[in-house]
Amino acid sequence: MWKSYKFRLYPTKEQGAGKYVELVNPYNTSQECSGCGNIVRKGLSVRVHKCPECGIELDKDDNAAINILNICTVGTTERA
Ligand SMILES: [Zn+2]
């Protein structure tokens with residue numbers, strides 16, 4: 001349940017997006033598509049997440065934040 005604990009430290013995407021990314025990098029949250037779960041490899045300098053599978057396109061940090069919300073709040077908290 002440590003993931004849920006960390007989520008509660010930074011309850012909003014606006015406050016915690018940068019921290020989220022650092023905390024969970026080992027879990028591929030910046031690589032995984034928040035729309036379909038496809039792994040989209042991209043370099044550190046790439047700022048936009050663009051998924052060839054589902055066509056979603058958004059800021060890389062936003063994509064990662066959504067993934068983290070999904071991981072941390074499965075069925076327990078409304079999404080931001
Ligand atoms: Zn996708």
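Me: Where is Val40 found?
Reply: Val40 sits in the loop between H2 and E1. Helices (H or I, at least four residues) and strands (E, at least two) are DSSP runs, numbered from the N terminus. This is a predicted model: local features need pLDDT of at least 70, side-chain atom pairs count only at pLDDT 80 or more, and totals for chains, interfaces and linings use all residues. Residues are numbered from 1 along each chain as its sequence is written.

Me: Why is Val40 called partly exposed?
Reply: Count the other C-beta atoms within 10 Å, with C-beta atoms placed from the backbone: 20 or more is buried, 12 or fewer is exposed, in between is partly exposed. Val40 has 19, so it is partly exposed.

Me: What makes Gly37 exposed?
Reply: Gly37 has 12 other C-beta atoms within 10 Å, so it counts as exposed. Gly37 also lies in the loop between helix H2 (13-24) and strand E1 (48-50).

Me: Which residues is Val40 in contact with, leaving aside its neighbours within four places in sequence?
Reply: They are Gln31, Cys33, His49 and Cys51. Contact means that the C-beta atoms, placed from the backbone, lie within 7 Å.

Me: How do you know that the span of helix H3 agrees with what it should be?
Reply: The expected span is 1.5 Å times one less than the number of residues. H3 (residues 60-72) has 13 residues, so it should span 18 Å. Its end C-alpha atoms are 18 Å apart, which agrees.

Me: Which residues of H3 are buried?
Reply: Asn63, Ala64, Ala65, Ile66, Asn67, Ile68 and Cys72.

Methods: Two residues are in contact if their C-beta atoms, placed from the backbone, lie within 7 Å.
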